[in-house]
Amino acid sequence: MIRESAIRIPFRYAAGAAGSRFLAALRDQQRILGARCAACARVLVPLRAFCPVCGSETLDTVEVGPGGTLQTWTTRADGTVFAVILLDGASSGLVHRLLDGGEEACCGLRVRARFATERRGGILDIAGFEPAQGGAT
Amino acid sequence: MSEPLLVPIEMDQSWRYAATAAMARFCAGLKERRLEALRCDGCGKRYLPPRPVCGNCHLALRDWVAVRDEGRLAAWTVVHVPILDPRSGRMREAPYGMGLIRLDGADTTLNHYLAEQNPARLAIGLGVRAVWREQLVGAIDDILHFEVLR
């Protein structure tokens with residue numbers, strides 16, 4: 001006899017000072033914020049309190065995206081497509097969902113963030129990324 | 001500066017539990033509103049929930065004996081900070097009573113919910129009776145909870 005079930009685990013993730021600003025900007029302004037490191041010039045996305053590469057705490061807030069380039073992707077058994085997207089202006093990729101089911105997926109594909117209609121201050125305030133019509137945006 | 005955000009997240013942790021042959025028979029009994037304990041040939045101890053081997057004698061247990069769905073509270077508490085109900089996987093609404101129940105015909109106790117949640121009306125030794133749900137499926141939550149006998 002085998003019993004199967006699932007337990008629901010509710011928890012709250014404390015986004016921190018920089019994370020909170022990043023999520024509030026998604027929710028309230030539909031803008032994607034990054035941080036440009038004054039020391040090494042990298043643009044970190046999501047917004048950070050310090051540069052994880054050089055340790056500098058001198059960062060300028062910049063807006064990145066909403067357009068970007070598909071760097072890599074994978075399809076889960078349930079059809080969900082996870083992708084790494086290099087947002088325009090950013091130095092490293094963001095992991096998020098690809099919304100078209102991966103039909104057009106190829107490295108270098110131009111994509112664009114689609115924001116959720118109902119936004120609550122979480123990374124899913126971006127519903128996902130879809131192929132951008134008409135090339136670069 | 002924006003307000004510090006707490007992002008509420010819910011995830012499901014799935015599990016599979018392989019019951020022993022003894023537990024499988026016990027659960028099959030529940031489906032027919034039948035409670036059975038396993039009795040040790042060596043020391044006579046009657047185990048409910050059942051286990052394959054006697055903790056005292058280390059003898060394999062084979063002798064099933066009938067147990068009533070009434071018993072006495074060996075211990076109890078009222079829970080105010082709920083945990084996940086292992087069967088439903090959801091948080092149970094607090095406060096709720098929990099008890100260790102020694103059923104008539106068993107020598108061990110069964111951990112289960114109590115219908116009573118008022119500490120003033122709970123006491124060790126109190127008589128309790130199983131309240132069965134309508135649609136039995138052969139699982140421990142076929143017993144919804146135990147009610148206090150008045």
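In the predicted model, three strands of chain A form an open, antiparallel sheet in the order 3-2-4. In general, the strands of a sheet pair through backbone hydrogen bonds, in either a parallel or an antiparallel manner.

Chain B contains one helix and nine strands. Along the sequence these elements follow the pattern β-α-β-β-β-β-β-β-β-β. Of the 150 residues in chain B, 21% are buried. When contacts in chain B between residues at least 6 apart in sequence are considered, 52% of them join residues at least 24 apart.

The helix of chain B was examined for its buried positions. In helix 1 (residues 21-30) of chain B, the buried residues are Ala22(B), Phe26(B) and Leu30(B). Viewed down the axis of helix 1 of chain B, the buried residues fall within an arc of 85° and therefore line one face of the helix. The buried residues of this helix pack against strand 2 (35-39) of chain B.

The contact between the two chains was then considered. Chain B contributes 25 residues to the contact and chain A contributes 21 residues. On the side of chain B that touches chain A, the elements giving two or more residues are strand 1 (6-18) and helix 1 of chain B. Strand 1 of chain B gives the most to this side, with 13 residues. By residue class, the side of chain B that touches chain A comprises 15 nonpolar, four polar and six charged residues.

Strand pairing also links the two chains. Strand 1 (residues 2-14) of chain A and strand 1 of chain B run antiparallel and are joined by 13 bridges. One of the paired positions involves Ile2(A), whose bridge partner in strand 1 of chain B is Ala18(B).

Key: Residues numbered from 1 in each chain as written. Chains lettered and ligands numbered in written order. Predicted model: local features only at pLDDT ≥ 70, side-chain atom pairs only at ≥ 80, totals over all residues. Helix = DSSP H or I, 4+ residues; strand = E, 2+ residues; numbered from the N terminus. Buried ≥ 20, exposed ≤ 12 C-beta atoms within 10 Å, placed from the backbone. Contact = placed C-beta atoms within 7 Å. Arc of directions from axis to C-beta. Nonpolar A, V, L, I, M, F, W, Y, C, P; charged D, E, K, R; others polar. Pairing = 2+ DSSP bridges.
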